[in-house]
Amino acid sequence: MSKTTEIQIEKSRNLIEGLRRHVREMGERGVSNNEINEMDKTVAMLSEANAEVDRLREELTPKVKKMNDLMTLVKASYAESKKTLKGYYPQERWPDYGIPDKR
């Protein structure tokens, strides 16, 4: 759970608890039970959505690592091949091999 979301959920739950306590003690003063219940439902939905995001992040992390490892391999292969081609062919022929840059 992200720290920001976790803090907001905790603050909202504390507020809801305090509002419920005071509505019972002094009656409704600008906030109805329906509004408190709606806020409680929304906080619960936020908590569920956050849990889903955490699960997806756990699934995504190894895939991102694999992609980054593959990117490193591709970049190394590209750089090596480009270096070799630049060494064997004159600059005018580089675009023929897909090398757009110049010395």
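Glutamate 58 is exposed, with a relative accessible area of 61%. The model discussed in this report is a predicted one. A residue counts as exposed when its relative accessible area is over 50%, so glutamate 58, at 61%, falls in that class. This glutamate is part of helix α2.

Along the sequence, glutamate 58 and tryptophan 94 are separated by 36 residues. In space, their C-alpha atoms are 43 Å apart.

## Overall form

The secondary structure of the protein consists of two helices and zero strands. Helix α1 covers residues 3-26, and helix α2 covers residues 33-88. Taken along the principal axes, the box filled by the C-alpha atoms is roughly 85 × 25 × 15 Å.

The radius of gyration can be set beside the value for a globule. For a compact globule of 103 residues, a value near 13 Å would apply, but the protein has 29 Å. Among contacts between residues at least 6 apart in sequence, 37% join residues at least 24 apart.

How much of the protein counts as buried? Of its 103 residues, the share is 15%. The accessible surface amounts to about 8600 Å², and carbon and sulfur atoms account for 56% of that area.

## The nonpolar core

Which residues form the largest nonpolar core? This core has five members, namely Ile9, Ile16, Val23, Ile36 and Val43. Two or more of its residues come from each of the elements α1 and α2. The element that gives the most is α1, with three residues.

Valine 43, one of the core residues, belongs to helix α2. Is valine 43 buried or exposed? Its relative accessibility is 7%, and because buried means under 20%, valine 43 counts as buried. Apart from neighbours within four places in sequence, valine 43 is in contact with Ile9, Ser12, Arg13 and Ile16. The C-alpha atoms of valine 43 and asparagine 14 are separated by 11 Å, while the two residues are 29 residues apart along the chain.

## Two further positions

Threonine 5 is located in helix α1. With a relative accessible area of 18%, threonine 5 is under the 20% limit and therefore counts as buried. When residues up to four places away in sequence are not counted, threonine 5 touches Leu46 and Asn50.

Alanine 44 has its place in helix α2. Its relative accessibility of 33% lies between the limits of 20% and 50%, so alanine 44 counts as partly exposed. Alanine 44 and isoleucine 9 are 35 residues apart in sequence, and the distance between their C-alpha atoms is 8.5 Å.

How values were computed: Residues are numbered from 1 along each chain as its sequence is written. This is a predicted model: local features need pLDDT of at least 70, side-chain atom pairs count only at pLDDT 80 or more; totals for chains, interfaces and linings use all residues. Side-chain values use heavy atoms; hydrogens and water are left out. Helices (H or I, at least four residues) and strands (E, at least two) are DSSP runs, numbered from the N terminus. The radius of gyration is taken over C-alpha atoms; the globule rule is 2.2 Å times the number of residues to the power 0.38. Buried means under 20% relative accessible area, exposed over 50%, partly exposed in between (1.4 Å probe, protein chains only). Contact means heavy atoms within 4.5 Å. Accessible areas come from the Shrake-Rupley method with a 1.4 Å probe; for residues, only the protein chains shown count as cover. A nonpolar core is a set of buried Ala, Val, Leu, Ile, Met, Phe, Trp, Tyr and Cys residues joined through side-chain atoms within 4.5 Å.
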